Amino acid sequence: MALLIMILRKMVKNKWLELSLLFGLVLTVALTSSMPIYTNAILHRMLSQELRNLQTDSGQYPGIYWLSAGTPTDSAGATDGEAVAASGSSASGTAGSEAAPGDSAYAATDHYLEQNRDRLFGVPVQQFVRERSTEVYSFLPSDTKRMDVDKIRWASFTAISGMEEHVRLVDGRLPGAEPEDGVYEALVMPNALSEMDLVLGTVLTIRDDNAKEEIRVKPVGVVEPKEGSDLFWYNSADSYKTTFLIGLDLFDRDFVSDRKLSVKASYWYFAFDYTKMTLDSMKDFIAGNRDITAHMNEHYESHSKNVPALRTLGQYEQKEEKLRILLLSLNVPVMLMLGFYLYMVANLITDRQKTEIAVLRSRGASRAQIVLGYAIEGIVLGAVAFVVGPYVGVWITQILGASSGFLEFVQRAKLHAEVVPEAYRYTLIAIAGSLAMTLIPALVATRHSIVSHKQQTARVRTQTFWHKYFIDFILIAVSLYGLQSYETRISRLLSFGVSATDLTIDPLLFLIPAFFVLGLGLAMLRLYPLLIRLIYAAGKRWWPPSLFYTLIQVGRTSASFKFIMVFLIITIASGIFNASANRTINKNVSDRIMYQNGADITLEVRWESDAPPILLTGVAGGDEESEGAEGGSASAAPVKTQYTEPSFLPFTQMEGIEHAAKVFVKEEASYYAPAGEREGGESRLRERDKVRLMGIDTYEFGMTAWFRDRLLDYPFYEYLNLIASEPSSVLISRSMAEEHGVGVGDVIKLGWYGAETANFIVYGIVDYWPSWDEKKGAVAASEGTESNRPNLVIGNLSYIQSNVALEPYKVWLKVKPDVSGESVYRAIEETGYDILSLNDANQERIRALNDPFQLAINGVMTLDFLISIVITFLGFLLYWVLSLQSRTLQFGILRAMGISRIQLVAMLAVEQLLISGAAIAIGILNGNVTSRLFVRLFEMSFDPNTLVLPFEAAFEMVDQIRLFVVVAAMVVVGVAVLGWIVTRVRIHQAVKLGED
């Protein structure tokens with residue numbers, strides 16, 4: 001206890017250093033614990049979003065768990081002490097064969113699901129419905145006057161548990177619980193009256209050879225669901241149009257147990273609240289699904305299920321693991337910096353206590369006892385960090401969720417972040433690692449006695465540890481080797497077209513640039529003393545005494561400044577690299593979306609035509625008919641559909657629309673090469689191939705379409721001007737030129753089924769074109785075959801419409817800046833167009849930025865820089881405050897020698913410029929070099945099969961300006977604090993009798 005009190009007193013004595021150390025520990029713990037917190041939060045958001053999208057896309061409630069079971073197995077039908085002989089009955093339960101009794105199997109499943117539903121699903125169950133149904137039988141009416149006896153009515157009996165609470169009586173009355181005079185009273189849905197030509201109160205009798213006995217039924221009431229959105233109903237009301245609805249207990253007694261009719265199947269339906277699903281409950285749900293499957297396999301010969309959410313949930317364990325590794329790899333650089341900071345602060349604390357440690361060692365204290373004291377000190381701080389850190393991690397997670405780019409934040413729904421149990425496991429690991437880092441300086445200090453300590457103090461250190469053992473060159477060598485290895489792997493991926501999914505989360509992809517930043521920064525610091533000497537020598541005849549003294553001071557003690565300089569260099573360089581990497585990843589994702597969409601908004605509107613309904617004509621067009629059109633076969637000529645083009649003018653006059661373009665796309669146009677002319681024989685058409693034909697108005701297309709610069713040999717607009725000069729001119733894709741031997745100046749024929757053919761002249765060849773993806777639809781080459789690459793032809797829309805056919809085209813829109821998509825949608829709706837499809841590139845970009853992996857990259861890189869700034873600021877203040885305190889005597893002597901206060905402040909300002917300014921300049925140079933070398937490695941973050949455009953590194957000055965503003969604000973605040981401290985130091989009291 002006495003030892004603990006002594007340690008606490010020592011901590012209070014060095015409270016500012018201890019608080020700085022505690023702050024670093026809390027940040028380390030918070031950053032580490034944020035990884036599982038963020039993973040849980042973002043996957044929870046993604047899970048909810050994907051389940052909501054599932055409902056939007058399919059129109060089916062995602063929280064559905066539906067089971068269907070046919071004939072029970074032999075063992076399922078047996079009761080205790082009863083041997084049941086199984087017959088060869090089929091799963092359909094056809095009458096005439098002795099089926100094993102299924103009452104115990106169905107009842108067992110009812111009981112199993114009811115009793116275990118909370119355990120099986122892990123989320124609140126909103127509805128649990130049991131449904132049984134017989135085979136379909138033919139019915140004849142007994143009342144020949146009221147109903148048509150010649151019409152055979154096919155129907156089945158169905159029972160649904162709890163149906164009475166979810167239907168509304170439309171006509172008639174509710175049925176009795178028991179048959180009256182052997183007649184079953186039943187309910188029907190409204191559409192059953194017309195479908196089976198029923199009259200309420202009329203008795204119908206089964207007339208079917210498959211029925212074991214005569215069953216009579218009387219519909220007495222008509223019901224319908226109370227609410228169309230009621231989760232109780234798995235099937236729509238239309239599915240019960242040939243069904244008589246009776247009570248479940250009656251059904252089980254007479255049809256399941258007594259087997260008066262063959263039971264076709266039993267159904268169990270759950271509707272659970274998918275919005276309450278978390279990662280933990282998701283795992284319970286998947287495990288529960290396995291248990292249900294095992295139960296059904298054991299009890300039934302055949303069964304099926306419909307669980308829409310299961311397809312989505314099955315991917316999440318793999319996503320969770322990948323996201324954890326990605327977060328860890330992204331956080332490695334800043335965690336190294338936090339360790340560096342903890343070591344620096346612990347070293348500062350130890351430096352102030354080295355004399356005390358040396359005295360303890362000289363008086364017989366062992367190294368273990370001294371280190372134990374520091375370990376207890378670290379445990380006390382670690383306990384505080386253990387309590388506080390995870391909650392700071394929750395706040396960090398909120399920052400991650402709001403980031404849309406480097407130092408860019410948007411108003412986005414907050415992540416559902418909470419401290420998960422796994423966060424404390426990460427916290428313990430972080431505290432253990434931090435404690436080991438802070439004990440290193442104490443362990444080194446215990447090697448010295450009082451004599452060796454005084455000897456070491458008298459020596460002037462000329463080299464730091466990392467320079468003495470060439471750590472900088474080792475780090476540079478390792479990082480350059482990693483760069484070469486990754487570039488080799490990228491070239492192989494692109495050449496073989498292998499998916500790079502697994503490589504996107506390789507930790508070395510983020511660790512190697514951090515090694516290079518640190519190594520290059522340390523290497524450049526080797527030149528720093530030479531720079532100071534050069535400045536000193538350049539003006540030693542003219543420097544005033546104050547500056548002369550500053551240069552000597554900095555030059556002789558440069559080793560002691562390097563700690564804070566390394567902090568500044570790493571912060572600036574890492575910030576520049578993170579900004580460039582973040583910009584590169586976001587830009588390539590955005591460019592891919594814009595290129596594939598072609599413009600800001602693309603849409604299709606309905607055109608009026610004289611085409612008959614598809615159901616009457618079948619699928620129009622085939623190989624034989626098309627050959628008849630072109631080659632003169634005996635097939636009937638196709639009927640040409642006449643379309644009425646809607647007015648295009650409203651699109652050009654809509655508010656918020658900058659430009660609009662007509663873009664006709666025929667995915668499977670027929671291409672014919674006049675091969676006979678080349679061979680010198682009779683002119684004929686070469687065997688046809690399918691091409692994608694795009695018709696455009698060159699001017700409006702150029703003003704509307706999005707296209708990245710430097711993708712083609714010449715500017716994009718020159719190609720448009722080229723084909724604008726000749727109506728029949730076209731551009732073709734490189735794939736078409738290479739696979740079919742078509743070149744500039746060749747004449748080709750284009751057309752399609754139900755249209756004419758026309759001659760076109762090739763004016764140019766392009767590798768890229770807005771919305772054209774050569775990889776989409778390509779068939780990979782197998783052994784002994786050639787690859788089938790898709791082909792593209794771009795022509796003038798007016799020529800195609802005049803000479804081939806007028807068919808519906810797409811509308812491409814370029815939206816004015818700062819105009820929302822919602823306003824454009826409203827404007828389109830107001831025009832009265834019938835929209836068939838609409839794609840908004842901006843919405844696609846938002847969806848891509850909300851991807852958990854994209855959020856992680858955007859958020860962590862921003863967070864790492866902000867943490868680096870905070871750590872550097874604290875290190876900056878700590879170092880300079882302690883430096884000023886240790887140099888108070890020097891300042892007093894300088895004042896006594898005649899140095900004015902203004903000159904003293906100027907000396908400190910120059911010292912800051914030589915140290916902090918030089919570190920910032922080195923950091924800027926370091927960051928730009930690192931970005932140029934390593935940013936291109938992020939090409940591995942993209943699957944080569946989906947990399948439509950060439951990967952392009954992006955560097956924007958706005959990112960660096962934003963970074964410099966933050967760094968400048970940090971330095972200004974730090975210098976202001978130092979200036980305030982200097983003004984409060986009573987320098988005149990520093991010079992005392994008996995001192996230097």
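Which residues is Met189 in contact with, leaving aside its neighbours within four places in sequence? In this predicted model, they are Val222, Val223, Glu224, Pro225, Trp233, Ala237, Tyr240 and Leu245. Contact here means heavy atoms within 4.5 Å. Met189 sits in the loop between strand 6 and helix 5 (190–195). Helices (H or I, at least four residues) and strands (E, at least two) are DSSP runs, numbered from the N terminus. Met189 counts as buried because its relative accessibility is 0%. The cut-offs are under 20% relative accessible area for buried, over 50% for exposed, and in between for partly exposed (1.4 Å probe, protein chains only). From Met189 to Val167, 22 residues apart along the chain, the C-alpha separation is 9.9 Å.

The model is predicted, so local features need pLDDT of at least 70 and side-chain atom pairs count only at pLDDT 80 or more, while totals for chains, interfaces and linings use all residues. Residues are numbered from 1 along each chain as its sequence is written, and side-chain values use heavy atoms, with hydrogens and water left out.

The protein has 996 residues, and 49% of them are buried. Its secondary structure comprises 33 helices and 24 strands. Contacts between residues at least 6 apart in sequence were also classed by separation: 83% join residues at least 24 apart. The accessible surface comes to about 47,700 Å². Carbon and sulfur atoms account for 55% of that surface. Areas follow the Shrake-Rupley method with a 1.4 Å probe; for residues, only the protein chains shown count as cover.

Pro62 is in the loop between helix 2 and strand 1 (64–69). With 0% relative accessibility, Pro62 counts as buried. Not counting residues up to four places away in sequence, Pro62 touches Leu51, Leu54, Gln55, Phe272, Tyr274, Pro308 and Ala309. One of these, Pro308, is 246 residues from Pro62 along the chain, with 5.7 Å between the C-alpha atoms.

Tyr768 belongs to the loop between strand 21 (758–766) and strand 22 (792–796). Its relative accessible area is 21%, so Tyr768 is partly exposed. Beyond four places in sequence, Tyr768 contacts Tyr595, Phe707, Leu711, Leu712, Val948, Leu949 and Pro950. Val948 is 180 residues from Tyr768 in sequence, and the C-alpha distance is 9.1 Å.

Leu949 is also among the contacts of Asp591, together with Trp706 and Arg708, leaving aside neighbours within four places in sequence. Asp591 lies in helix 19 (residues 558–597). Asp591 counts as buried because its relative accessibility is 6%. The side chains of Asp591 and Arg708 form a polar contact at 3.1 Å. A polar contact is a pair of N or O atoms within 3.5 Å; within protein, one must be able to donate a hydrogen and the other to accept it, and residues adjacent in sequence count only if both atoms are side-chain atoms.

Backbone angles were considered next. Most residues other than glycine have a negative phi. Asp181 has a positive phi, near 55°. Asp181 is placed in the loop between strand 5 (167–172) and strand 6 (183–188). Asp181 counts as exposed because its relative accessibility is 75%. Arg259 also has a positive phi, near 55°. The loop holding Arg259 runs between helix 6 (248–257) and strand 10 (263–272). Arg259 is partly exposed, at 27% relative accessible area.

The structure holds seven cavities of 30 Å³ or more. A cavity is a set of points, on a 1 Å grid over the protein atoms alone, where a 1.4 Å probe fits but cannot get out; lining residues have an atom within 4 Å of a point. Grid points are joined across faces, edges and corners, and a volume is the space filled by probe spheres set on the points. The second largest cavity contains about 120 Å³ of space. It is lined by 15 residues, and those closest to its centre are Leu21, Ala346, Tyr374, Glu377 and Thr438. Helix 2 (15–58), helix 9 (316–352), helix 11 (367–402) and helix 12 (421–445) each supply at least two residues of this lining. By class, the lining has nine nonpolar, five polar and one charged residues. Ala, Val, Leu, Ile, Met, Phe, Trp, Tyr, Cys and Pro count as nonpolar, Asp, Glu, Lys and Arg as charged, and the others, Gly among them, as polar.

Notes:
1 Å grid on protein atoms, 1.4 Å probe; cavity = no way out; pocket = protein on both sides within 12 Å on 5 of 7 lines; lining within 4 Å.
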